[in-house]
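Work through the exercises below with the structure open.

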Amino acid sequence: MMNVMKNNPFKHIDQPLKDVPAELKSKVMKDIATAKLLMDLANLFSLNVGSVVERTIKQRKK
Amino acid sequence: MKIDQNFNDLSDEDLVKAIVLKNDTLLFEILYDRYDRLVYNKCRGFSKHDDEAQDLTQDIFLKLFVKLKTFKGKSKFSTWLYSFTYNHCVNYVNRSTAKKIEKQSVDTDNLKSEYYNPEEEEESIRDLKVDKLKEALEKISPEEKMILLLKYQDSLSIKDLTEVLSIGESAVKMRLKRAKEKLVNVYNDECHEE
């Protein structure tokens, strides 16, 4: 059972919360787009061993 | 628009599943909008300037996108994200100050639960003054700061802490107890210096 602490000073640190600068979102989304491209490219050129094994086993059963 | 509205209504956990399925960047934007303020303000607690906090936030969201599939849903997504954010900040602080990380290995075999008394814990924490507390938090190690913030600011339970820190309950309690003792000591030293 967790007791609820009254007057917990930790809750007042860094209050009020500061708004995030608007330009940050575009920077983040640009990073994400690049990351997605790299992840997709990596998928394209890498071998998914799990799915190869699975497909082979399925074909073998036919 | 209707599809967007549906995704906006999804729980964090379901949204994460949908993002991971296709590495969907548009859905990730929804997740960003939900948590940008929280992550940014957590980063401000670990950095000296707002610019530094912005860079940290940017890095955390990029890392989050790449590592999102490692979220297995054992705890709430927000709990997992707190820990993810703090871990990144702690690594950053340790790296940038080139401090040697104090090994905090705990011999869990010899620990007993009675070392940790939540009532006692609350009393010593409750009376701390906010500005002094903030200064004291800067003087303890980032790892100690992280566990105290997770427990007292983000209200994680002991069980949540065992999951996000991947350590046993006794180890969590001992780390909390040590971190709290150190914080209170630093806090008292500060007050005596004045």
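## Exercise 1: A bridge between chains

The side chains of B:Asp33 and A:Lys25 form a salt bridge, with N and O 2.8 Å apart. The model behind this value is predicted.

Solution. 
- Step 1. Count the background. Over all chains, the structure holds 14 salt bridges.
- Step 2. Locate the partners. B:Asp33 sits in helix H3 of chain B and A:Lys25 in helix H1 (residues 23-45) of chain A, so the pair joins two chains.
- Step 3. Check B:Asp33. Its relative accessible area is 42%, so B:Asp33 is partly exposed.
- Step 4. Check A:Lys25. A:Lys25 also counts as partly exposed, at 23% relative accessibility.
- Step 5. Look at the whole interface. The rule finds four salt bridges across the interface of chain B and chain A.

## Exercise 2: The interface in numbers

Solution. 
- Step 1. Interface size is often quoted as the accessible area lost when the parts come together.
- Step 2. Read the area. Chain B and chain A bury about 3,500 Å² between them, and carbon and sulfur atoms give 63% of that.
- Step 3. Find the main contributors. On the chain B side, B:Tyr32, B:Arg37 and B:Gln58 lose the most area to chain A, together 16% of what that side buries.
- Step 4. Count residues. Contact involves 40 residues of chain B and 30 residues of chain A.
- Step 5. Count polar pairs. With both residues at pLDDT 80 or more, 14 residue pairs are in polar contact across the interface of chain B and chain A.
- Step 6. Assign elements. Helices H3 (25-44), H4 (50-67), H6 (118-126), H7 (130-139) and H8 (142-153) of chain B each give two or more residues to this side. H3(B) gives the most, with ten residues.
- Step 7. Sort by type. The chain B side divides into 18 nonpolar, ten polar and twelve charged residues.

## Exercise 3: One interface residue

Task: what does B:Gln58 touch?

Solution. 
- Step 1. B:Gln58 is in helix H4 of chain B.
- Step 2. Classify it. Buried means under 20% relative accessible area. B:Gln58 has 15% relative accessibility, so it counts as buried.
- Step 3. List contacts. Leaving out residues up to four places away in sequence, B:Gln58 touches A:Leu24, A:Lys27, A:Val28 and A:Asp31.

## Exercise 4: Two salt bridges within chain B

Task: contrast the pair B:Asp154 and B:Lys42 with the pair B:Glu181 and B:Lys177.

Solution. 
- Step 1. Take B:Asp154 and B:Lys42. Their closest N and O atoms are 2.7 Å apart. B:Asp154 lies in the loop between H8 and H9 of chain B and B:Lys42 in helix H3 of chain B, so the bridge ties together parts 112 residues apart in sequence. Both B:Asp154 and B:Lys42 are buried.
- Step 2. Take B:Glu181 and B:Lys177. Here the closest N and O atoms are 3.1 Å apart. Both residues lie in helix H10 of chain B, four residues apart, about one turn of the helix.
- Step 3. Recall the geometry. An α-helix has 3.6 residues a turn, so residues three or four places apart point the same way.
- Step 4. B:Glu181 is partly exposed, with a relative accessible area of 37%. B:Lys177 is partly exposed too, at 21%.

## Exercise 5: Loops and a helix

Task: is B:Ser47 buried or exposed, and where is B:Phe71? Then check the span of H5(B).

Solution. 
- Step 1. B:Ser47 is in the loop between H3 and H4 of chain B. At 14% relative accessibility, B:Ser47 counts as buried. A polar atom of its side chain lies 2.9 Å from the backbone oxygen of B:Cys43.
- Step 2. B:Phe71 is in the loop between H4 and H5 of chain B. B:Phe71 is buried, with a relative accessible area of 10%. Its contacts include B:Glu13, B:Val16 and B:Trp80.
- Step 3. Helix H5 of chain B (residues 77-96) reaches 28 Å from its first C-alpha to its last, close to the 28 Å expected at 1.5 Å a residue.

Technical notes. Residues numbered from 1 in each chain as written. Chains lettered and ligands numbered in written order. Predicted model: local features only at pLDDT ≥ 70, side-chain atom pairs only at ≥ 80, totals over all residues. Heavy atoms only, no water. Contact = heavy atoms within 4.5 Å. Buried area = accessible area lost by both parts, 1.4 Å probe. Polar contact = N/O pair within 3.5 Å; in protein donor to acceptor, adjacent residues only side chain to side chain. Nonpolar A, V, L, I, M, F, W, Y, C, P; charged D, E, K, R; others polar. Expected span 1.5 Å × (residues − 1). Buried < 20%, exposed > 50% of the residue type's maximum accessible area, 1.4 Å probe, protein only.
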